[in-house]
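Trainee: Could we take a close look at one part of this model together? I would like to go through it slowly.

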Amino acid sequence: MTAKATPLAIRFGTLYAGDGTIHRNGVLAIEDGRIASLGDAPVADGAIVIDAPCVVPGLINAHVHLEVSGEAETMSLYVLTTPVQRAFACADNARKTLEAGVTAVRDLGGSERLAIDLRDAIAAGRIVGPEIVAAGRLITMTGGHGYFFGREADGPDDVRKAVREQRKAGARCIKFMATGGVLTKGAVPGTSQLTETELRAGIDEAHRHGMKAAAHAIGADGIKNALRAGIDSIEHGHLIDGEGVALLVERGASIVPTLAALDRIVDAGPDAGMPAFVVEKARRIADVAAENLRAARAGGARFVAGSDAGTPFNRHADFAHELELMQRWLGMSASEVVTAATRDAALLLDIDRGLIEPGAVADVVALPRDPDSDARPFRDPLAVVKDGALVYMRTTALTTAPVSESWIASEMRSNG
Ligand SMILES: [Zn+2]
């Protein structure tokens, strides 16, 4: 790939830096995998030049399941498919993720250690995809949410052991099930599952090894159990109450609202092939989730973008939908959405990405227009840069001419 070594220059209209800063009408220069300059420095000789109405840092999806691809019966796939079949799906989803402008993801639970091995294959350059921070298998109580592919654990010692197993397998974060969920038959989303004592033991073990901990938590009690036990992020959080918001803010934890997961199930409805209980549970939660989450935002909660990609009709290429819902349902501005999907997500994942500033790792997405009024431009990136390399370029960009002739000339030169 000649693009890897070639310097890039992106002439932008608007640039969201990821920390709330917005720059207008400048040039972003990228060299040796890093942001070389941001401003009006002249374009370096031989650089690939891209003209983009808008530029944002590489997006980060803080909640995905790479083994599943939005099938109606997501959960039964873990039982009905072989690990090799799921590994191929993982690789396909990784590529689609990257082409959608997402340069890093957190995989919050799969079977075996597929996402961990995929992470290593991507890091070694064998497969194209985002950086992956993987939890390994999720940790759930016996018969708890996700039990058929998770690691069932009961009692503080067993939960601690389950954390050690994920670490041994190569996990870089840990996922606990603090309440029931939508996709497991019989699991009531509002009901607490792992106890506060169990969570405390598991979170302590994760933290001792430098790993952050995430809790699937929909019901108000389970959310508070997880927060009191020291959790770093509440996943879903749909039924959070005022006490939970206060605790979340006091502890400095984040909330990852996965709005797209709910919306896609409700939108597809009962005739789309999902079990009836899934649609019914999602509908009941969706009725109150937006209101609860808006109250959490008003109470000062820090939101991180994560879509739960892989769940029914919730595709890996469609992270844009989550960003749209954060704008529409939660009233976040474009800049707030970008920060939730870049800098704040990077802090939660403990990765060195998510900001555009001189010296930073060059993960950049060029968009066809500014998402200030709606997040739709995220659906259709013009170009995606990861670690300073141009990894995706929309083919129509060549005919609609947002790319300058110097880019074409440099491509012709480098292709001999
Ligand atoms: Zn999930």
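Leaving aside neighbours within four places in sequence, which residues is arginine 164 in contact with?

Mentor: Happy to! This is a predicted model, in which local features need pLDDT of at least 70 and side-chain atom pairs count only at pLDDT 80 or more, while totals for chains, interfaces and linings use all residues. Residues are numbered from 1 along each chain as its sequence is written, and side-chain values use heavy atoms, with hydrogens and water left out.

Beyond those neighbours, arginine 164 is in contact with Glu205 and Arg208, where contact means heavy atoms within 4.5 Å. Arginine 164 belongs to helix α4 (residues 156–169); helices (H or I) are DSSP runs of at least four residues and strands (E) of at least two, numbered from the N terminus. Its relative accessible area is 44%, so arginine 164 is partly exposed, the class between buried (under 20%) and exposed (over 50%), using a 1.4 Å probe and protein chains only. Alanine 206 sits 42 residues away along the chain from arginine 164, and their C-alpha atoms are 8.0 Å apart.

Histidine 63 and aspartate 308 are both buried.
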